[in-house]
Amino acid sequence: MKFPLALCLGLVALAAASQSPLQRRVVKDVLEYFHGRSNVHFLFKEQAVEGAVEREDPSGTFVQLRVSLVQTACRKRAPRQNCKALENRRKPTCLACYKFDGGDVPKVLDKYHNCGPSHHLAVKEIKQRDEAECRAVEEAGKSADVLYLPGMYAFSKGLPA
C-alpha cells in the first residue's frame, strides 16, 4: 500500500522538476485560489499537472494547465508541513489559464480558473465555456491593448472623403 503512494509522490516530484518557472507559479496561484474558497476546509496538495501548454508571442506568454489536487488530513486553518494525502477523498481538478507579459519579472495580464470534480469539468457546456475563457485570456495584451502612438491614424483620418 505504501509503495504505490511513494511511487505517486515520486512522479509528482519529477513532474514539478520538469515544470517551467511560470508553470510552477500558476500551480502555486491555483492552490492559493482553491484554498481561498469558503467551502474548502482541508488542505489540498498537487497530485499531477496535465496538459501543460506554454506559448510565447510578442504580447507575452500564455500558460494553460490542469492541476489534479488531492485532499490531505490537515485543516486549512492550521497548515503543517507533513500533511498526508487521503486516498478516498475529494480529488478536484483545476483548469488554469494565465497570460504573462514579457518583462523580467512577468506580471499577470489576465487569468482564468475553474475548479471542480473532474467529471464536472468534462461536461460539454462547461468545457466550451472554459475554452472560450482561455482564448480570451490568451488574447490579453494583443492588438486591442496596444498603446496609441502619435500619427497612427493621421493618414486615415486626414484624407478627404
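Modeller: Happy to! This is a predicted model, so local features need pLDDT of at least 70 and side-chain atom pairs count only at pLDDT 80 or more, while totals for chains, interfaces and linings use all residues. Residues are numbered from 1 along each chain as its sequence is written, and side-chain values use heavy atoms, with hydrogens and water left out.

Thr93 lies in strand E3, where strands are DSSP runs of at least two residues and helices (H or I) runs of at least four, numbered from the N terminus. Thr93 counts as buried because its relative accessible area is 7%; buried means under 20%, with a 1.4 Å probe and protein chains only. Contact means heavy atoms within 4.5 Å. Beyond its neighbours within four places in sequence, Thr93 is in contact with residues including Arg66, Val67, Ser68, Cys115 and Leu121.

Pro92 belongs to E3 too, which covers residues 92-100. Pro92 is also buried, at 8% relative accessibility. Its C-alpha atom is 4.5 Å from that of Pro117, 25 residues apart along the chain.

Of its 17 residues, Val26, Phe34, Leu65 and Leu69 touch the most other members. Helix H2 (21-35), strand E2 (60-75) and E3 each give two or more residues to this core, and H2 supplies the largest share, six.

Technical notes: Buried means under 20% relative accessible area, exposed over 50%, partly exposed in between (1.4 Å probe, protein chains only). A nonpolar core is a set of buried Ala, Val, Leu, Ile, Met, Phe, Trp, Tyr and Cys residues joined through side-chain atoms within 4.5 Å.
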